[in-house]
Amino acid sequence: MNTGTVKTVADYVTENIKNAHLFKKHGIDFCCGGGVSLAQAAAKANVSLEVLEKELEATASVTTPGYDYKNWKLDFLTDHIIHVHHHYVEENIPLLIQYAARVAKVHAHERPELIKIQQLFTEVAQELSAHLKKEELILFPFIKKMVRAQEEGTPVPQPQFGKIDNPIKMMETEHDDAGAIFKEISELSDNYTYPEWACNTYRAFYAKLEEFETDLHHHVHLENNILFPKAIELERSLNS
């Protein structure tokens, strides 16, 4: 198998979402930083390219049911992102803010990094809340209008933001910012490793943080690597 220099990490995840778990295991960014080759990703993560290729082959051979996101209609994909990933973010932010405050208050004298983790999560929570609204109120409705125009053969109304790649670039920048914050949180928490003496709230906090980051990676992958490129392509085809 000699596709490591041809396909990107994002391509592998787009073809088979189960590959996301494999890349996460090796500390390889498959969403914001997914535009690199397998060889480049392996070198950066200090992982054998041969090992990665064999694991990808093994994953491909497992025929468990999964979602074929890349072939979904764009309006359906936007609804999925809202109902699954946006809902997850909105539902879990208040819980994580409570956990962060409680754990920092009780244990910061032993683990001072908890104060910084609390600050970082509060920052990313505020940014994500605003980010989701921009997608739900501006970008996603326009994508749905383009889908409808294609189906009905009608012209697309010109949005105030000009070309669709303008809000998309903004969303991608905000994805990068959120990813950078979570990378710092992961480093500060030693990859969400709590001490042996940690109380149940401390343990629940780190487990939920890791879960939140995992969901965010899938969320960003669906947008950066599937929804956004297809939306740009659809706009071009409608205007040609």
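## Around E223

Leaving aside neighbours within four places in sequence, E223 touches I81, H86, H131, E135, F140, H175, F228 and P229, where contact means heavy atoms within 4.5 Å. E223 lies in helix 8; helices here are DSSP runs of H or I with at least four residues, numbered from the N terminus. With a relative accessible area of 0%, E223 is buried. Buried means under 20% relative accessible area, exposed over 50%, and partly exposed in between, for a 1.4 Å probe and protein chains only. The C-alpha atoms of E223 and T78 are separated by 8.7 Å, although these residues are 145 residues apart along the chain.

This is a predicted model, in which local features need pLDDT of at least 70 and side-chain atom pairs count only at pLDDT 80 or more, while totals for chains, interfaces and linings use all residues. Residues are numbered from 1 along each chain as its sequence is written, and side-chain values use heavy atoms, with hydrogens and water left out.

## H80 in helix 5

H80 lies in helix 5. H80 counts as buried because its relative accessibility is 13%. Neighbours within four places in sequence aside, H80 is in contact with Y67, Y69, W72, H85 and L222.

## Helix pairs

Two packed helices are described by the angle between their axes and the distance between the axes. Axes are lines fitted to C-alpha atoms, for helices over the stretch in contact, and angles run from 0 to 180 degrees between N-to-C directions. The axes of helix 6 (residues 113–152) and helix 8 (residues 200–239) cross at roughly 30 degrees and come within 11 Å. Helix 6 and helix 8 are therefore roughly parallel; angles under 35 degrees count as roughly parallel, over 145 as roughly antiparallel, 65 to 115 as roughly perpendicular and the rest as oblique. The residues of this contact divide into 22 nonpolar, three polar and three charged. Ala, Val, Leu, Ile, Met, Phe, Trp, Tyr, Cys and Pro count as nonpolar, Asp, Glu, Lys and Arg as charged, and the others, Gly among them, as polar.

For helix 5 and helix 6, the axes come within 9 Å and cross at roughly 165 degrees. These two helices are therefore roughly antiparallel to each other. Their contact is made of 20 nonpolar, five polar and seven charged residues.

## Nonpolar cores

The largest nonpolar core has 43 residues, and F23, F121, F182, I185, L209 and F212 have the most contacts inside it. A nonpolar core is a set of buried Ala, Val, Leu, Ile, Met, Phe, Trp, Tyr and Cys residues joined through side-chain atoms within 4.5 Å. Elements giving two or more residues to this core include helix 1 (9–15), helix 5 (74–107) and helix 7 (165–188). Helix 6 gives the most, with eight residues.

F212 is in contact with Y88, V89, N92, I93, L96, F121, L128 and F182, leaving aside its neighbours within four places in sequence. Another core, of 23 residues, lies apart from the largest one and has L139, I143, F228 and A231 among its members.

## Two loop residues with positive phi

Most residues other than glycine have a negative phi. N46, in the loop between helix 3 and helix 4, has a positive phi near 60 degrees. N46 counts as exposed, at 73% relative accessibility.

N191 is found in the loop between helix 7 and helix 8, and its phi is also positive, near 60 degrees. With a relative accessible area of 46%, N191 is partly exposed.
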